[in-house]
Amino acid sequence: MNCIYQFLPKISKRNSIRKCFNEPQNNSHTAIDLPPLKNPYILPTCTKDFKEYHIKVLRRLNKHPKRESFSGLMTLEVDIPNFIPILLNLDLVREATYSENIALLKNEALKAILRSYRLKVSGKKQQLIDRIHHSLCESDVKSNSTYSEFYIVTEKGWRLIDASYEHFATIHADFFKKSIELMKSGNLDLAYRIICKRNAENPVPPGIGCDWESRYYKGIPPSLYSIFKNHLDNTTDFFIVAAAIFSAMSGDSFHEIQRCLLKAYSIEIDSLDLRYASAKIHGDIDFFSYKQAGIKKYMFLSTEDNETCPICAQLNSKVFKVKNRKIGINCPPMHKGCRCITLAHIE
């Protein structure tokens with residue numbers, strides 16, 4: 001689930017839309033009152049400062065070749081070459097022994113070592129390993145280009161990894177609860193700011209192009225405040241709507257929000273109810289931007305597959321006036337589980 005800023009309609013009058021979501025703020029908090037953002041790239045020196053991405057690197061280091069570089073998102077989250085010495089110093093990771101290194105090599109590497117000394121290369125992996133141990137000295141094997149050393153996660157490291165699952169689940173639930181309680185007390189602005197702060201302090205923030213730091217200091221735009229407050233004031237199920245607003249503010253997935261709601265409040269909600277509330281909120285955001293940009297009409301677009309309901313299928317590609325919008329009649333969501341969307345229609 002993406003954050004609200006990725007759901008803005010793709011229409012020609014983008015400046016008008018951008019303007020309506022950057023209105024002057026009149027919030028009680030100012031940049032001077034707010035705590036500064038933490039630098040997410042500072043490496044922790046003790047385990048109590050580890051984040052989830054640090055644990056991910058620790059877990060991935062187990063049986064990882066020392067000379068093989070890492071790839072993927074984790075390389076953007078953590079300075080791995082400089083983090084490994086910290087893990088070694090904390091006894092969370094150790095260097096594998098010579099015997100462990102041989103056992104961790106792939107068959108192709110074992111055969112290459114044997115072949116370089118004109119030794120037999122047939123047999124199962126354990127036979128190849130035994131042949132290397134019995135026929136070659138350690139220095140000769142280590143000098144071979146296909147030989148590699150590995151990292152091993154220690155027992156202390158595995159205890160930390162195992163404990164981290166519950167630890168971070170509790171942190172997520174506590175943060176979610178704090179945000180929901182702020183919404184309950186009517187302080188949508190502070191809820192919005194702490195969410196932006198959390199995302200800004202992530203080394204790889206969610207939402208492409210989202211300037212979370214700027215949003216943290218500016219606070220919630222009045223337009224979004226009005227939309228969110230209206231939904232909270234006119235609901236019979238506060239937690240479902242508040243959870244949907246949290247998703248819109250944060251970009252957290254519905255699955256993660258459901259887990260937090262269950263852990264923080266012991267409330268289990270249907271994903272269809274959460275998606276339905278979220279769709280209505282995003283619809284209001286879309287139509288606010290339509291009006292601000294001077295868009296008079298919109299097109300109804302349904303997802304055409306075997307699961308599309310007959311009502312939505314009949315409305316597909318039909319054009320309606322923005323002022324005549326009615327959720328469930330000519331505008332999605334038409335029902336729980338509705339996957340339809342709208343697009344600005346320009347003659």
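This is a predicted model: local features need pLDDT of at least 70, side-chain atom pairs count only at pLDDT 80 or more; totals for chains, interfaces and linings use all residues.
Figure 1. The volume of the largest cavity is about 30 Å³. Its lining consists of H172, F175, F176, R198, F246, D252, E256 and C260.

**Figure 2. Helices and residue types in the lining of the largest cavity.** Which helix supplies the largest share of the lining? That share, three residues, comes from α9. Helix α9 spans residues 155–184 and helix α14 spans residues 254–265, and each supplies at least two residues of the lining. By residue type, the lining divides into four nonpolar residues, one polar residue and three charged residues.

**Figure 3. The aromatic pair of F287 and Y298.** The structure holds ten aromatic pairs. One of the pairs is formed by F287 and Y298, whose rings are arranged edge-to-face. The ring centres are 4.8 Å apart, and the angle between the planes is 80°. This pair links distant parts of the chain: F287 belongs to helix α15 (residues 271–292), whereas Y298 belongs to strand β4 (residues 297–301). The two residues are eleven residues apart. Are F287 and Y298 buried or exposed? Both F287 and Y298 are buried. Y298 is classed as buried because its relative accessibility is 0%, and the term applies to values under 20%.

**Figure 4. The aromatic pair of Y298 and F320.** Y298 also forms an aromatic pair with F320. This pair is tilted, with 5.8 Å from centre to centre and 35° between the planes. Here too, distant parts of the chain are linked, with Y298 in strand β4 and F320 in strand β5 (residues 319–321).

Figure 5. Which residues form one aromatic cluster with Y298? The cluster is made up of F287, Y290, Y298 and F320.

**Figure 6. A lysine over the ring of Y265.** The charged end of K177 is placed over the ring of Y265. The charged end of K177 is 5.5 Å from the centre of that ring.

**Figure 7. An arginine over the face of W212.** Which residue lies over the face of W212? The residue in this position is R215, at 5.8 Å from the ring centre of W212.

Conventions: Residues are numbered from 1 along each chain as its sequence is written. Side-chain values use heavy atoms; hydrogens and water are left out. On a 1 Å grid over the protein atoms alone, a cavity is a set of points where a 1.4 Å probe fits but cannot get out, and a pocket is an open set with protein on both sides within 12 Å along at least five of seven lines; lining residues have an atom within 4 Å of a point. Grid points are joined across faces, edges and corners, and a volume is the space filled by probe spheres set on the points. Helices (H or I, at least four residues) and strands (E, at least two) are DSSP runs, numbered from the N terminus. Ala, Val, Leu, Ile, Met, Phe, Trp, Tyr, Cys and Pro count as nonpolar, Asp, Glu, Lys and Arg as charged, and the others, Gly among them, as polar. Rings of Phe, Tyr and Trp (its six-membered ring) pair if their centres lie within 6.5 Å; planes under 30 degrees apart count as stacked, over 60 as edge-to-face and the rest as tilted. Buried means under 20% relative accessible area, exposed over 50%, partly exposed in between (1.4 Å probe, protein chains only). A charge sits over a ring if NZ of Lys or CZ of Arg is within 6 Å of the ring centre and within 35 degrees of the ring normal.
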